Amino acid sequence: MAFSFNESSMNEFHKWGKKFPENPEGRRSLVIPALWISQWQNGYISKDVVNYVAEITGTEPLHVWGVTTFYTMFKREKTGKFFLQFCTNITCTLMGADQIFVNTCKKLGIKPGETTSDGKFTAVEVECLGACGSSPTLQVNDKYYTHMTESEVEKLIAEFRGAK
Amino acid sequence: MAENKVILDHIDDAGEQAIEAYQAHGGYKGLEKAMKQMTPAQILDEIKISNLRGRGGAGFPAGIKWSFIKRDAPGPKYLICNADEGEPGTFKDRKIMTSKPHIIIEGMIIAAYCMGLDTGYIYIRGEFFEPYQAMDKAIEEAYSKGFLGKNILGTGFNFDLHTYLGAGAYICGDETALMNSLEGKRGYPRLKPPFPAQFGLYGRPTTVHNVETFAAVAPIIANGGKWYSELGTPKSGGTKLFGISGHVERPGVYELSLGTPWKEFFEDIAGGVRGGKKLKAIIPGGSSTPVLLPHELEGMLLDYESIQSKGSMLGTGAVIVFDETTDMVKVAYRAMKFYAHESCGQCTPCREGCDWYYDILGRIYHGEGRIEDLDTLEDLAKYIGPNTICAFGDAFVTPMLAFIRKFRSEFMDYIEKGKYGLQAVLDAEKKSEEINHA
Ligand SMILES: Cc1cc2nc3c(=O)[nH]c(=O)nc-3n(C[C@H](O)[C@H](O)[C@H](O)COP(=O)(O)O)c2cc1C
Ligand code: FES
């Protein structure tokens, strides 16, 4: 199934296009924004996405793939609807994040990195999210949740479960 | 000494994100003064007098960096704000971006005008989606007020400013990796020289500063370089944001005059160790700065020179506090996991060295350490730092060596008794103590 931008993705892409010089170098600068927009639309970076991004940025698929694999936030497979990213770096772990992460995975019945069978949750461990003053920090999709405890995480998960 | 709010002034007011609120508190007055009453050379002088040093970690004097750019050289020249904030423990830039974005924009416009730069980018780490949206909104407001775009304030000066979103790579905080990332490539650091001032973004002259550095520029111009400099020490001008986290009573971001005694900050302002426990150690400036013991903190001042004289660095001003219950082997191992994950893999000594360090610390932590392991780590260190393109090699070797040197007995306990063995020994000791007390 070939991938292409829908209308709102295309508008977003054109918005980004105005930020860079109008030459091949400037177009190459659109590789990362185009990957973001693709991921927002498609959920992850498939081979088709790679080919499409190469085409619209005037680069080679191999280059786009090299960029995709360099950056942790580009997903190479589908994840749950709620992508739970637990920071377990120094401060968060001092505040108990490593335990919260392990226990949440257990409660969800998954191993770190896995997705629940209903496709709702994926739980991963991430590096410092730059919010250490209100740690432990949990990022769900784009949003930060701070001062996490096991019961707070449990409440959030129940909330997300109920959400459509 | 209390907090000294220059950048953080009004930052917690509701609505300070909006340009009207920012202007009501004197925002964009610095820009008007710079563009209407001062020449670029005068602006540069004020920055030099202010003694402002880069807040991204290395502390390079801003005035000297600005003087590397030839204002009248033809062709595009770039200004980049480094908002990649990835150094573990650091959370100050995010606060400025979400709560007072215009102070960054105003500083960038003044810098661009001073150096004659035509386009700016704010490189924001991918996880910072909310700050990214806040910056975009603020940029839009600044355009609508005529502070960005063509013919700014009727002076004929043009400057465009855009946001950019990273995608999860600590190494992109290195300014040359950042520029490669902005060019749509893998974020590999570049060999220096040439420095960004000669060969930066798209091979053009470029100036890169941290968010906090730009945030200091408008207050400096509005109030004068001398005023700013005198807020700090003769060598470390002005104020600095300190983010304190971990086992501390009142974690958060505080703005202090450089030169503030550590003791006053820690005890009076941040409330000391959480729950009345004893202090075991601190990291003063982010995970890449060497750990310090309580006796090393005696008489320490919070400025570049004083922290250096204690064998560590001010870094990003990110203080992490460890109380007496902290397992330092675990801390070192977790920190090393971060570096092993984030090494970009370009240089063999760093890529392989990270994995070796992580493996060796891992086996120590898991109770399978060997007697010679700590010496192996010491020996390995000699081959990493000096043989890499960027500072990442030093950034993990130096703090790791500090951990194993300052907490050698803890590491040796793990090696000699094993992790579970160690716990068993401690439990047994506790039990016999209880029996003795009974
Ligand atoms: C591995 C590595 C990571 C870095 N991360 C950051 C960062 O997240 N933010 C930052 O401002 N500077 C970071 N730096 C420093 C930048 O290379 C650069 O010195 C800085 O952005 C210059 O700004 P300043 O003059 O305001 O300090 C990093 C450097 C290295 C080697
Ligand atoms: S250590 Fe978790 S947010 Fe910084």
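**Ground rules.** I number residues from 1 along each chain as its sequence is written, and I letter chains from A and number ligands from 1 in the order in which they are written. In this predicted model, local features need pLDDT of at least 70, side-chain atom pairs count only at pLDDT 80 or more, totals for chains, interfaces and linings use all residues, and side-chain values use heavy atoms, with hydrogens and water left out.

**Ligand 1.** I first looked up which residues surround ligand 1 (a heavy atom within 4 Å). I found 19 of them, the closest being G56(B), K65(B), N82(B), N210(B) and T213(B).

Next I looked for polar contacts (a pair of N or O atoms within 3.5 Å). A polar side-chain atom of N210(B) sits 2.7 Å from an oxygen atom of the ligand. G56(B) uses a backbone N or O atom, 2.8 Å from a ligand oxygen. For N82(B), a side-chain N or O atom is 2.9 Å from an oxygen atom of ligand 1. On its own, ligand 1 has 620 Å² of accessible area, and the protein covers 89% of that (Shrake-Rupley method, 1.4 Å probe).

I also sorted the shell by residue class: 5 nonpolar, 8 polar and 6 charged. Here Asp, Glu, Lys and Arg count as charged, Ala, Val, Leu, Ile, Met, Phe, Trp, Tyr, Cys and Pro as nonpolar, and the others, Gly among them, as polar. Strand β4 of chain B (residues 206–210) gives the most to this shell, with 3 residues. Strands are DSSP runs of E of at least two residues, helices runs of H or I of at least four, numbered from the N terminus.

**Salt bridges.** I searched all chains for salt bridges (a Lys or Arg side-chain nitrogen within 4 Å of an Asp or Glu carboxyl oxygen) and got 30.

In chain A, E154(A) pairs with K107(A), with the closest N and O atoms 2.9 Å apart. E154(A) is in helix α8 (residues 150–162) and K107(A) in helix α7 (residues 97–108), so this pair ties together parts 47 residues apart in sequence. I asked how exposed they are: E154(A) is partly exposed at 44% relative accessible area, and K107(A) is partly exposed at 48%. My cut-offs are under 20% for buried, over 50% for exposed and partly exposed in between (1.4 Å probe, protein chains only).

In chain B, E127(B) and R125(B) meet at 3.0 Å, N to O, and both are buried. Finally, I noted a salt-bridge network linking R55(B), K92(B), D93(B), E212(B) and K240(B).

How values were computed: A polar contact is a pair of N or O atoms within 3.5 Å; within protein, one must be able to donate a hydrogen and the other to accept it, and residues adjacent in sequence count only if both atoms are side-chain atoms.
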